[in-house]
Amino acid sequence: MSTTRVFRGGRVFTADAAGTVASAVAVSGGRIVAVGGDRTVAPYLREAEEVVELDGRLLLPGFGDAHVHPVMGGLERVRCDLSGANTVAAYVEIIGEYARSHPGREWVLGGGWAMEAFPGGRPHREVLDAVAGERPVLLPNRDHHSSWASSAALARAGITRDTPDPPDGRIERDAGGEPTGLLHEGAADLVRAVAPADTQEDLDEALAEAQRYLHAHGVTSWQDALLPVHEPGPSEHESYRRADLGGRLTAKVTGALWWDRSCPRSQVPEQVARLAAIRAATAADGRNYRTGTVKVMQDGVVETFTAAMLEPYLDSCGQTTGNHGIGFLEPELIREVTIALDAAGFQVHYHAIGDRAVREVLDALEAAAAVNGTSAQRHHLAHLQVVHPDDVPRFHRLGVTANLQALWATHEPQMDELTLPFLGDPRAGWQYPFGDLFRTGAALAMGSDWPVSSPDPLAAVHVAVTRIAPDAPAGTPALGPEQALPLATALRAYTAGSAAVNHLDHVTGSISVGKAADLVVLDRDPFAGPAGEIAAARVDRTYADGVEVHRA
């Protein structure tokens, strides 16, 4: 239940456009009612049920995660969760313990393994066979663009040396042509089709765990970046609706409905109409959950050479290959899809990692503006790993938001061993151009892509400011230090920026009178210490609509 509460005695990072300086805040009835100093909040002290003495700590708006997969992350947390480990030996121990602890489960499901744990980032099915025997195993990696399958799982799916690669994926094979158990992009769907389907109760449990976990990291709103809706049948969308209608959804959530990339051009109007019907049904009875966004995935990831590139990848010897990656929608089709979604009033949330994918999406948005006129939908591109310098200024010119996953912009094994050698110069220096986007006026939002990486906003902000991972060995250089952001800019992107991209800026994202009391108390003030200690800050308390939803 929301109460009257006063926060005082620390720095208040308001994240508002005016850069308001404050040291005290009062909230009542779930809303912010005063922002200023001790004299401003004094009238509320008499009726306050609680006075939170900040003692020099930082109070800031609740974080908004602009690109996250909570139900997927929650499922991994309640299943065979590999996300806390980074070695093959640790994975074997975790998988073995899970298999022994759940003898009644026909399959071993979960995920979260790191590519860097394996030579060349490529695990083999034999490791799973040794630990799980005849039980089929399917484990996506952290970025969910590749999956590790056991021999039993491949057999259930009928995958052999003669199975062709699907149009939107690749079956990794050894020198003799045999499948290794590593499945990229849509190839994993061949095994998912024969694995046990998630029940609605599974998904409901996963959402509840995800919300608890995200609140513990100070996240009070988010955009779920991938929501396929199966009718009839269980869906993450239905879990959100059930939680919202049941009063259990304390976060403010925008759902990005999945664009079926197998949809031919002739059926684009029908798919838009179907998604519009889901949007209308959600809006009719929802409170904290809306579905005004559509997710379009345009390419894969650099590490598996599936990100769409303007120039081909290099091989391990630095020689040019013939591989430009995978563009899931042909340029003409993505233009048509974008124009149709924009005309229907949808915001479009694009996955674009390679420079070709980024350019194709920006071209599509430019075409939509030419046909439909200037849009107020706040379309955004997520990830933006490699952006050609010519395309950086286009974000501001087209009114497109850059949705940053900052935690990836560092030197670490996946970058140094699986990315840099295969991009070469000058592309290696075009990665994650946060600073250039900011300086050219692009609107910035930030997200985690959890469970691909940690949902901790402070770790991501640390990297955005330093371009060095919080746990990097001493002496690790910054990755493109000229692309670093000021601390205030990074924090504003993860609060006000994400609220704006979710069309929630009139409700939350800054500490302003009249807005929802979505607030976070940190255990310190990151502005008072060195940049290298930003990630050491921890969330002490989280409030959603004035209600405490987490206390350390």
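Helices (H or I, at least four residues) and strands (E, at least two) are DSSP runs, numbered from the N terminus. The structure is a predicted model, in which local features need pLDDT of at least 70, side-chain atom pairs count only at pLDDT 80 or more, and totals for chains, interfaces and linings use all residues. Residues are numbered from 1 along each chain as its sequence is written, and side-chain values use heavy atoms, with hydrogens and water left out.

Helix H8 spans residues 236-245 and is mostly covered. Seven of its ten residues are buried, where buried means under 20% relative accessible area, exposed over 50% and partly exposed in between (1.4 Å probe, protein chains only). The buried residues are Glu-236, His-237, Ser-239, Tyr-240, Arg-241, Ala-243 and Asp-244. They pack against helices H2, H7 and H9 (268-285). They also pack against strands S13 (219-227), S14 (252-258) and S15 (289-297). Gly-247 follows H8 and has a positive phi, near 75 degrees.

Two of these partners of H8, H2 and H7, also meet each other. H2 covers residues 70-78 and H7 covers residues 200-216. Their axes come within 7 Å and cross at roughly 100 degrees. Axes here are lines fitted to C-alpha atoms, for helices over the stretch in contact, and angles run from 0 to 180 degrees between N-to-C directions. On the H2 side, the contact (heavy atoms within 4.5 Å) is made by Pro-70, Val-71, Gly-74, Leu-75, Arg-77 and Val-78. H7 contributes Asp-202, Leu-203, Glu-205, Ala-206, Leu-207, Glu-209, Ala-210, Arg-212, Tyr-213 and Leu-214. By class, this contact has ten nonpolar, one polar and five charged residues. Ala, Val, Leu, Ile, Met, Phe, Trp, Tyr, Cys and Pro count as nonpolar, Asp, Glu, Lys and Arg as charged, and the others, Gly among them, as polar.

Gln-211 also lies in H7. Gln-211 is buried, with a relative accessible area of 10%. Its side chain reaches the backbone nitrogen of Thr-250 at 2.9 Å. Leaving aside neighbours within four places in sequence, Gln-211 is in contact with Trp-222, Arg-248, Leu-249, Thr-250 and Ala-251.

Helix H4 (residues 125-132) has a buried side and an exposed face. Arg-125, Leu-128 and Ala-132 are buried. These three cover an arc of only 60 degrees around the axis, which puts them on the same side of H4. The arc is that of the directions from the helix axis to the C-beta atoms. An α-helix has 3.6 residues a turn, so residues three or four places apart point the same way. The face turned away from the buried side carries the exposed residues Glu-126 and Ala-130. The buried residues of H4 pack against helices H3 (88-101) and H5 (151-157). They also pack against strands S9 (137-140), S10 (146-149) and S12 (179-185). H4 is followed by Gly-133, with a positive phi near 65 degrees.

Several loops hold backbone features of note. Most residues other than glycine have a negative phi, and most peptide bonds are trans. His-144, in the loop between S9 and S10, has a positive phi near 60 degrees. Leu-384 also has a positive phi, near 50 degrees. Leu-384 is found in the loop between strand S17 (380-383) and helix H12 (394-398). Leu-384 counts as buried, at 0% relative accessibility. A cis peptide bond joins Asp-425 and Pro-426, with omega about 0 degrees. Pro-426 sits in the loop between helix H14 (420-423) and helix H15 (434-439). The peptide bond from Trp-450 to Pro-451 is cis too, with omega near 10 degrees. Pro-451 is in the loop between strand S19 (444-446) and helix H16 (457-466).

Two further residues link separate parts of the sequence. Thr-489 is found in helix H17 (residues 487-501) and counts as buried at 16% relative accessibility. Thr-489 and Ala-15 are 474 residues apart in sequence, yet 8.9 Å apart in space, C-alpha to C-alpha. Glu-47 lies in the loop between helix H1 (38-45) and strand S4 (50-53). Glu-47 is partly exposed, with a relative accessible area of 44%.

Terms used:
A polar contact is a pair of N or O atoms within 3.5 Å; within protein, one must be able to donate a hydrogen and the other to accept it, and residues adjacent in sequence count only if both atoms are side-chain atoms.
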